[in-house]
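Thanks for coming. I will go through one model today, starting with the charged pairs and then moving to strands, a helix and the core. Please have a look at it first.

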Amino acid sequence: MNNKYFYLILLFFMVSCQRNQDPATNTLSEMCERLFPQHAHSFQFQLLTDSVDIDRFTLESDNGKILIKGNNRNSLAVGLNHYLKYYCQAHVSWYASDSVVMPAQLPEVEAPVILRSKCKNRFFLNYCTFGYSMPYWKWSDWERLIDWMALNGVTMPLAITGQESIWYKVWTEMGLSDEEVRTYFTGPAHLPWHRMSNVDYWQSPLPQSWLADQEKLQKLILERERAFDMTPILPAFAGHVPAELKELYPEAKIYTMSQWGGYDEKYRSHFIDPMDSLYSVIQRRFLEEQTKVYGTNHIYGIDPFNEVDSPNWNEEFLSNVSDKIYKSIQGVDSAAQWLQMTWMFY
């Protein structure tokens, strides 16, 4: 046979095999290759096909392999971690620089293990973590953290990286200049508090390269989290706006928020009343652009008065604000759910 045709047939066969592989097996096998490549071939993963609506896994030895079955890829990862912890006494940290110390010979599972989750939704992270720990993380750092999240059964990770590139498009399309928008953002380490409407302009302007790099990073984060059957929690519009928006829309009802953290008066943030018609316009523009770039899992994190005072603590005002905020996201995404942190009520 002509060598050229032989290699073409071989290539076709290899591609066909790759296409026929179970994506769940690929996702878990690739994680094993990252964490302990010397033993990656010793694990087999299978998805359970019954219809019981609860996260669970089974663990057993089968013909020299460690066989893990689960109802989804998240459960498979939890099953793997159970084996690593309780049979190998191995620890997987969330730091990419930490190696995983494994025994030379993998222990057998003498009796099958069957475990079920006690709760359906398992949330992880908060807004501040993205400033305290993660502002300068690269993909290698995130890749290990997402592996750790999967191993520990996280199903709902907060996913707020890269939102500034979306806001940049929204604000510039509404008439603000490049310099006004990038100056409105804070520097990278303070972005969580900017996002929570605590402080603006501090250590700005944010470089264009940062916006582009963080958008690329967020796409990688979301792709991997979804590959582990997680439901990333993306942001939505809480009401925080640039002060310069008032010059473009002088009739809009925009409040200057309370001072935060001892910052000078010039760094105070601004909030548009959700009852103002412009609020829903901004919400729609943001969510539509975010969905176009990052997709959606229909759960949105919105915290309008986190560590700052509401313009009005009257219960009727707060009730109307809450109603309007939810209707603004539901008007864009009929399947929308609103997730809120609780320390804002302290």
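Start with Lys219 and Glu215, whose side chains meet in a salt bridge at 3.6 Å, N to O. By salt bridge I mean a side-chain nitrogen of Lys or Arg within 4 Å of a carboxyl oxygen of Asp or Glu. Both residues lie in helix α9, residues 208-227, four residues apart, about one turn of the helix. As a general point, an α-helix has 3.6 residues a turn, so residues three or four places apart point the same way.

Before going on, the ground rules. This is a predicted model, in which local features need pLDDT of at least 70 and side-chain atom pairs count only at pLDDT 80 or more, while totals for chains, interfaces and linings use all residues. Residues are numbered from 1 along each chain as its sequence is written, and side-chain values use heavy atoms, with hydrogens and water left out. Helices (H or I, at least four residues) and strands (E, at least two) are DSSP runs, numbered from the N terminus.

Back to the pair: is Glu215 buried or exposed? Glu215 is buried, at a relative accessible area of 15%, while Lys219 is partly exposed at 41%. The cut-offs are under 20% relative accessible area for buried, over 50% for exposed, and partly exposed in between, with a 1.4 Å probe and protein chains only.

There are 16 salt bridges in the structure. Another one joins Asp273 to Lys253, with the closest N and O atoms 4.0 Å apart. Asp273 sits in the loop between β10 and α11 (277-294), and Lys253 in the loop between α10 (245-248) and β9, so this pair ties together parts that are 20 residues apart in sequence. Asp273 is buried, with 4% relative accessible area; Lys253 is partly exposed at 46%. Arg268 and Glu265 form a salt bridge too, with closest N and O atoms 2.9 Å apart, and Glu265 is partly exposed at 45%. Some salt bridges share partners, and these join Lys169, Glu215, Lys219, Glu289 and Lys292 into one network.

Next, the strands. Two strands count as paired if DSSP finds at least two bridges between them. An open sheet of three strands runs in the order β8-β10-β9, with antiparallel pairing. β8 (240-241) and β9 (254-256) are at the edges with a single partner strand each, so one side of each has no neighbour in the sheet. Three bridges join β9 to β10, residues 270-272, and Tyr255 stands opposite Phe271 in β10.

Elsewhere, β3 (residues 65-70) pairs with β1 (residues 43-47) in the parallel sense over five bridges. The partner of Leu47 in β3 is Gly70. β3 also pairs with β2 (residues 56-62), here in the antiparallel sense and over six bridges, with Lys69 as the bridge partner of Thr58. The hairpin of β2 and β3 has two residues between the strands, and Asn63 there takes a positive phi near 50°.

Glu60 lies in β2 and is partly exposed, with a relative accessible area of 24%. Its contacts, meaning heavy atoms within 4.5 Å, include Lys65, Lys69 and Pro112.

What lies between β3 and α3? The loop there holds Asn72, which is buried at 15% relative accessibility. The side chain of Asn72 makes a polar contact with that of Asp55 at 3.2 Å. A polar contact is a pair of N or O atoms within 3.5 Å; within protein, one must be able to donate a hydrogen and the other to accept it, and residues adjacent in sequence count only if both atoms are side-chain atoms. A side-chain oxygen of Asn72 also reaches to within 3.1 Å of the backbone nitrogen of Asn74, at the start of α3.

α3 itself is mostly covered, with eleven of its 14 residues buried; among them are Arg73, Leu76 and Leu80.

The largest nonpolar core has 101 residues, and Phe43, Leu80 and Trp171 have the most contacts inside it. A nonpolar core is a set of buried Ala, Val, Leu, Ile, Met, Phe, Trp, Tyr and Cys residues joined through side-chain atoms within 4.5 Å. Leaving out residues up to four places away in sequence, Phe43 touches Cys32, Phe36, Ile66, Ile68, Leu80, Tyr83 and Leu106.
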